[in-house]
Amino acid sequence: MQARFGSHGDYAVIAYAPSSPQEAFDLTIEAFSAAERLRTPVLVMMDEVVGHMRERVIIPEEGRRTVSSRRLPSVAPSEYRPYRVGDDLVPEMALAGGGFAVRMTGLTHDESGRAVTNPTAQAALLPRLLKKVLENREVYERYEVRQTDDAEVLVVAYGITGRAATGAVEMARARGLRVGMFRPRTVWPFPADALLRAARSARRVVVAEINMGQVALEVERLLAGKCSVVRVTSPGGSVIAPERILEACGRAREVAARR
Amino acid sequence: MTPETVEDASRPTEAERTPVRRHPLESVLRGDALPHIWCPGCGIGVALGAFLQGLERAGIPREKRVIVSGIGCSSRVVYYARTDAYHTTHGRAIPFATGVKLANPSLHVTVFAGDGDMFAIGGNHFIHAARRNMDLMVVCINNFNYGMTGGQSGPTTPHDARTTTTPNGNFEIPFNLPQLAAAVGAVYVARWTTLDVRRLRDCFAEAAPKQGFRFVEVLAPCPVSFGKNNDIGSGLDEMDYYRGLEQIWGSAAGLPAPVERRETGDLAGTDISLHRPIIVGKFVDRARPTFTDSYAAVVAKGRAEKKSA
């Protein structure tokens with residue numbers, strides 16, 4: 001939510017939520033690629049547990065990691081405009097020191113980088129900044145889906161809670177309960193279509209997160225009453241135990257059965 | 001030729017009738033960005049002019065120049081200089097510039113910002129960049145208040161000075177910027193006012209080719225806010241105010257010479273108070289290992305060890 005609504009204005013950035021040190025490593029590399037490719041800030045948001053966790057991390061050999069780079073200017077410096085939009089919504093971006101005399105700014109600007117603070121310039125600029133991320137969202141959507149084909153109950157969790165949810169799914173399956181999991185690794189833009197696919201057979205969805213219910217709002221909005229949503233929340237201070245999620249799955253199932 | 005044509009040719013054309021006055025800094029300014037946003041009597045343009053002349057004089061290659069700024073009146077210089085220029089978020093010009101320098105150490109990176117942006121919002125960045133001796137030339141335009149937002153008090157507002165948020169006089173004690181910069185490790189520290197145009201230009205020319213963290217404070221009039229609230233008057237009146245109060249450090253006034261070594265970096269007595277002498281000049285000029293050099297040395301050592309292993 002901080003990544004999405006941290007300002008009174010509108011913006012679209014990419015935010016990743018890793019569940020392990022390995023994923024933190026991998027997603028950080030992806031974050032650089034996404035930032036370079038889209039010319040936008042990208043957040044790698046670790047919760048306290050993942051941030052403090054020690055686990056084995058496999059670091060690929062140099063040369064086997066691929067990081068995308070920005071598109072460099074295809075025109076001469078005299079022709080270059082730092083914010084000119086071509087066939088792509090992301091303008092070409094010159095490096096400092098390349099003789100392009102770039103002028104870049106965080107203020108509302110025209111294609112040459114002049115500060116133009118009027119509603120017309122804002123109307124031209126802001127929709128593009130949103131579109132360049134939202135139209136490419138599927139390229140950057142990462143998620144894990146677990147045993148959703150026949151799931152009556154779908155657990156949605158991210159970050160460290162995703163691992164508790166994995167445990168809850170295993171325990172539920174051992175008891176013959178048809179529970180699956182959807183774990184967004186990209187939390188913004190939220191992988192909406194992937195969630196709806198994962199929830200296809202679900203009658204109840206359990207959203208577990210270490211706050212009083214934030215991503216639950218997004219899940220509720222996307223499901224739009226298709227099935228009810230049970231929240232497993234926590235004011236913080238410790239990890240949500242798999243048992244709590246399992247219990248919520250049971251409750252959700254009972255509620256579903258009564259209908 | 002018809003007579004009409006002859007007659008036409010004898011008259012000045014429309015273009016000829018328009019007087020063309022070339023700005024002496026035209027080649028390093030962006031004409032498309034002018035006129036600038038600064039108020040009549042503001043000192044920022046003077047500082048920018050001195051900076052551009054200083055860099056020309058120092059022979060810093062134009063394509064290597066990068067200017068990074070934050071938010072505020074002073075940070076607007078990036079729009080007018082024809083160079084790689086980045087207008088970043090409030091207080092974050094120094095970290096951004098650090099990234100630029102580390103990504104490409106061959107660049108000549110200057111940070112331009114006002115007293116509020118650099119010492120309130122971004123104060124921590126300043127002290128750590130100086131401590132690390134980051135290779136940056138850092139210019140603070142100090143006009144003693146937040147000019148763009150309506151003249152509120154800031155970290156350099158002199159004691160007792162009136163601003164829109166201290167209508168009864170400022171009861172806080174301000175930073176003494178050169179003293180702060182010297183204490184946290186800057187290798188070059190100077191203060192001039194926009195009255196000292198040539199000295200300021202020479203100061204930039206001297207500081208520009210040096211390595212490490214160089215700090216230049218430029219005292220500049222803000223007649224519409226600070227000057228008005230403190231009965232100083234117009235921009236010209238504030239220049240006159242400087243003329244009456246300026247004393248050059250190390251001059252006949254009997255003040256000490258520039259500090260060569262950090263141990264003696266005591267700039268007590270250079271505080272700025274209303275209607276009290278303003279001590280200007282070069283305070284510190286010393287050398288110590290820069291971040292870029294130290295970092296390159298560590299990388300080289302690591303590579304050598306890896307090779308021999």
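How far apart do the C-alpha centres of domain 1 of chain A and domain 2 of chain A lie? The answer is 24 Å. Before going on, keep in mind that what you are looking at is a predicted model. Its overall scores are ipTM 0.88 and pTM 0.89.

Let's stay with chain A for a bit. Its domain assignment gives domain 1 (2-67), domain 2 (72-140) and domain 3 (141-258). Where domain 1 of chain A meets domain 2 of chain A, nine residues of domain 1 are in contact with 10 residues of domain 2. On the domain 1 side of that meeting place, you'd find six nonpolar residues, one polar residue and two charged ones.

Zoom out, and chain A comes to nine helices and nine strands. Its C-alpha atoms fill a box of roughly 70 × 45 × 35 Å along the principal axes. Of the 259 residues in chain A, 34% are buried. Now think about who touches whom: take the contacts in chain A with a separation of 6 or more, and residues 24 or more positions apart account for 68% of them.

You'll find it in the loop between helix 3 (48-52) and strand 3 (103-105) of chain A. Is Val57(A) buried or exposed? Val57(A) has 12 other C-beta atoms within 10 Å, so it is exposed. Leaving out residues up to four places away in sequence, Val57(A) touches Pro21(A), Gln22(A) and Phe25(A). Now try finding Val85(A): Val57(A) and Val85(A) are 28 residues apart in sequence, and from C-alpha to C-alpha they are 40 Å apart in space.

One more stop in chain A is a peptide bond. The bond joining Trp188(A) and Pro189(A) is cis, with omega about -5°. Pro189(A) is found in the loop between strand 7 (186-188) and helix 7 (192-198) of chain A.

To find the spot, look for Met104(A), which stands opposite Tyr86(B) in strand 2 of chain B.

Chain B itself has 12 helices and eight strands, and its C-alpha atoms fill a box of roughly 90 × 65 × 40 Å along the principal axes. Buried residues make up 50% of its 309 residues. The pLDDT of chain B averages 90, and 92% of the residues score at least 70. Residues 1-6 of chain B are another story: pLDDT stays under 50 there, and the model has one contact for them beyond four places in sequence.

Helix 11 (residues 235-245) of chain B is worth a slow look. Which of its residues are buried? They are Gly235(B), Glu238(B), Tyr241(B) and Tyr242(B). These residues cover an arc of only 105° around the axis, so they sit on the same side of helix 11 of chain B. There's a general idea behind this: an α-helix has 3.6 residues a turn, so residues three or four places apart point the same way. The buried residues of helix 11 of chain B pack against several elements of the chain, including strand 5 (188-193), helix 10 (223-229) and strand 8 (278-285). On the other side of helix 11 of chain B, Arg243(B) and Gly244(B) are exposed.

Finally, a few backbone details in the loops of chain B. The peptide bond from Leu34(B) to Pro35(B) is cis, with omega near 5°, and Pro35(B) is found in the loop between helix 2 (14-17) and helix 3 (44-58) of chain B. Asp160(B) is not a glycine, yet its phi is positive, near 75°. It lies in the loop between strand 4 (137-142) and helix 8 (177-183) of chain B. His275(B), in the loop between strand 7 and strand 8 of chain B, has a positive phi near 60°. With 12 C-beta neighbours inside 10 Å, His275(B) counts as exposed, while Asp160(B), with 14, counts as partly exposed.

Terms used:
Residues numbered from 1 in each chain as written. Chains lettered and ligands numbered in written order. Predicted model: local features only at pLDDT ≥ 70, side-chain atom pairs only at ≥ 80, totals over all residues. Helix = DSSP H or I, 4+ residues; strand = E, 2+ residues; numbered from the N terminus. Buried ≥ 20, exposed ≤ 12 C-beta atoms within 10 Å, placed from the backbone. Contact = placed C-beta atoms within 7 Å. Arc of directions from axis to C-beta. Domains from an automatic or database assignment. Nonpolar A, V, L, I, M, F, W, Y, C, P; charged D, E, K, R; others polar. Pairing = 2+ DSSP bridges. pLDDT = per-residue confidence, 0-100.
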